[in-house]
Amino acid sequence: MADDWGETAAEEPPSVEVKLFGRWNPDDVQINDISLADYIAIKENHAVFLPHTAGRYAAKRFRKSQCPIVERLTCSLMMHGRNNGKKLMAIRIVKHAFEIIHLLTGENPLQILVDAIVNSGPREDSTRIG
């Protein structure tokens with residue numbers, strides 16, 4: 001009887017490949033800007049099936065950098081009064097937008113999102129005058 005218990009404890013749980021909305025693999029995404037790699041949470045521990053983790057990312061300073069980047073995009077859509085708190089609607093909008101991006105470009109929409117974030121950031125030698 002003790003031998004039976006030892007055999008079942010040695011089994012490993014099956015590994016599940018985490019894909020956003022069940023379609024797009026975040027492991028294929030390359031972050032080209034090394035300075036933003038720590039702040040764009042998309043791989044390994046930050047990979048999610050849906051951009052709705054209900055995490056408390058505003059409780060501590062810089063914890064929002066651990067929030068999945070697609071969830072931050074989703075939360076930024078919930079603005080301007082009539083859209084406050086409607087996260088499921090924002091998730092649906094992001095999902096449809098990713099579908100359109102995939103149909104038009106044929107690429108991973110997560111890679112397009114990361115490239116857009118890298119392009120929107122300030123350059124290294126930029127200065128503000130005035």
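Helix α2 (residues 69-76) buries I69, V70, E71 and T74, where buried denotes under 20% relative accessible area, exposed over 50%, and partly exposed the range in between (1.4 Å probe, protein chains only). The cover over these buried residues includes α3 and α4 (109-120), contact being defined as heavy atoms within 4.5 Å. The model is predicted, so that local features require pLDDT of at least 70 and side-chain atom pairs pLDDT 80 or more, whereas totals for chains, interfaces and linings use all residues. Residues are numbered from 1 along each chain as its sequence is written, and side-chain values use heavy atoms, with hydrogens and water left out.

The protein contains four helices and zero strands, helices (H or I, at least four residues) and strands (E, at least two) being DSSP runs numbered from the N terminus. The order of elements from the N terminus is α-α-α-α. Of the 130 residues in the protein, 25% are buried. Among contacts with a separation of 6 or more, 55% involve residues 24 or more positions apart.

The largest nonpolar core comprises 16 residues, and L20, F21, V70, F98 and L110 touch the most other members. Such a core is a set of buried Ala, Val, Leu, Ile, Met, Phe, Trp, Tyr and Cys residues joined through side-chain atoms within 4.5 Å. At least two residues of this core come from each of α2, α3 and α4, and α4 gives the most, with four residues. Apart from neighbours within four places in sequence, F98 contacts L20, F21, W24, V70, P109, L110 and L113.

Helix α4 has twelve residues and spans 16 Å from its first C-alpha to its last, close to the 16 Å expected at 1.5 Å a residue; the expected span is 1.5 Å times one less than the number of residues. Within α4, the buried residues are P109, L110, Q111, L113, V114 and V118, and the buried residues of this helix pack against α2 and α3.

Two salt bridges are present in the structure, a salt bridge being a side-chain nitrogen of Lys or Arg within 4 Å of a carboxyl oxygen of Asp or Glu. In one, R23 pairs with E99, the closest N and O atoms lying 2.6 Å apart. Because R23 lies in the loop between α1 and α2 and E99 in helix α3, this pair ties together parts that are 76 residues apart in sequence. R23 is partly exposed at 39% relative accessible area, and E99 is likewise partly exposed, at 22%. In the other, E71 pairs with K87, with 2.9 Å between the closest N and O atoms. This pair links distant parts of the chain, E71 belonging to helix α2 and K87 to helix α3, 16 residues apart. Both E71 and K87 are buried.

R92 also belongs to helix α3 (residues 87-105) and counts as partly exposed because its relative accessibility is 46%. The C-alpha atoms of R92 and T74 are 9.2 Å apart in space, the two residues being separated by 18 residues in sequence.

On the surface, V16, F49 and L50 form a nonpolar patch with about 310 Å² of accessible area together. Patches consist of residues with over 30% relative accessible area and no salt bridge, like charges being joined within 9 Å and nonpolar side chains (Val, Leu, Ile, Met, Phe, Trp, Tyr) within 5 Å. F49 is situated in the loop between α1 (2-9) and α2, and is classed as partly exposed because its relative accessibility is 47%.

Methods: Areas by Shrake-Rupley, 256 points an atom, 1.4 Å probe, with all protein chains shown as cover.
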